[in-house]
Amino acid sequence: MSGVLAAGGAAVALFASTLSAQGAPAVSDAPQERIEISIQTINGSGCPAGSAAVAASADNTAFTVTYSDYIAQVGAGAQPTDFRKNCQLNLNVQIPQGFTYAVAGVDYRGYAYLSDGASALQKAQYYFQGSSETASQSTGFSGPYDDNWQTSDRTEVAELIYAPCGEQRNFNINTELRVSAGNSDPRQSTSFIAMDSTDGAVSTTYHLRWKECPSS
């Protein structure tokens with residue numbers, strides 16, 4: 001269900017989110033009334049209070065999550081606990097009556113610098129509150145690496161998990177970044193993987209697919 005798209009040679013700014021449907025899974029019956037989305041709770045070493053933001057697209061085809069302090073690192077200048085960072089978001093999603101939605105795909109972006117011999121891991125999981133059904137994705141990176149990174153997770157139409165019709169279910173997102181020094185010398189170098197941005201240019205994009213609920 002997951003795939004990796006290597007980001008080669010482009011600057012971080014080229015990953016600025018346009019929140020358009022370009023490259024996103026097909027959307028059917030998207031409601032015209034704007035959805036409202038907000039962070040209900042936020043926890044984790046990768047997203048201190050005030051360091052994450054969420055925004056919905058104007059056409060209801062996607063929403064983005066932007067982090068400003070999400071970096072895992074190991075080596076010179078890093079604290080022992082910095083090798084792993086995580087973030088747990090609980091989102092309140094208000095959608096027009098008569099519709100339900102599913103997440104059809106996610107694009108994760110960031111930047112990594114890994115010394116020769118070092119490695120990193122990016123993991124993500126998302127699900128509706130109270131649901132046992134989850135979608136998860138993980139991607140590994142090996143040093144030497146010094147570039148933007150992007151991973152993409154797509155779900156087949158037949159496997160989409162929709163929010164229950166007529167119920168308010170918050171949307172949960174759990175992410176993790178981890179880096180290991182491996183065979184590199186952590187006394188002489190610092191390796192890191194980041195999913196943060198100070199200017200909003202790098203964000204995670206969740207692409208939505210809609211359908212109308214059955215009439216009661």
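Mentor: β6 (84-94) and β7 (99-114) each supply at least two residues of the lining of the largest pocket. Strands here are DSSP runs (E, at least two residues), numbered from the N terminus. This is a predicted model: local features need pLDDT of at least 70, side-chain atom pairs count only at pLDDT 80 or more, and totals for chains, interfaces and linings use all residues. Residues are numbered from 1 along each chain as its sequence is written, and side-chain values use heavy atoms, with hydrogens and water left out.

β7 gives the largest share of the lining, three residues. In total, 18 residues line the pocket. Nearest its centre lie I95, P96, F99, G166 and E167. A pocket is an open set of points on a 1 Å grid over the protein atoms alone, where a 1.4 Å probe fits, with protein on both sides within 12 Å along at least five of seven lines; lining residues have an atom within 4 Å of a point. The lining divides into ten nonpolar, six polar and two charged residues. Nonpolar covers Ala, Val, Leu, Ile, Met, Phe, Trp, Tyr, Cys and Pro; charged covers Asp, Glu, Lys and Arg; the others, Gly among them, are polar. The volume is about 280 Å³, taken as the space filled by probe spheres set on the points, which are joined across faces, edges and corners.

Now the sheet. β6 also belongs to an open sheet of five strands, ordered β2-β6-β11-β8-β9 with antiparallel pairing. Two strands pair if DSSP finds at least two bridges between them. Ten bridges join β8 (residues 119-128) to β11 (residues 171-180). Within that pair, Q122 stands opposite L177.

Conventions
Helices (H or I, at least four residues) and strands (E, at least two) are DSSP runs, numbered from the N terminus.
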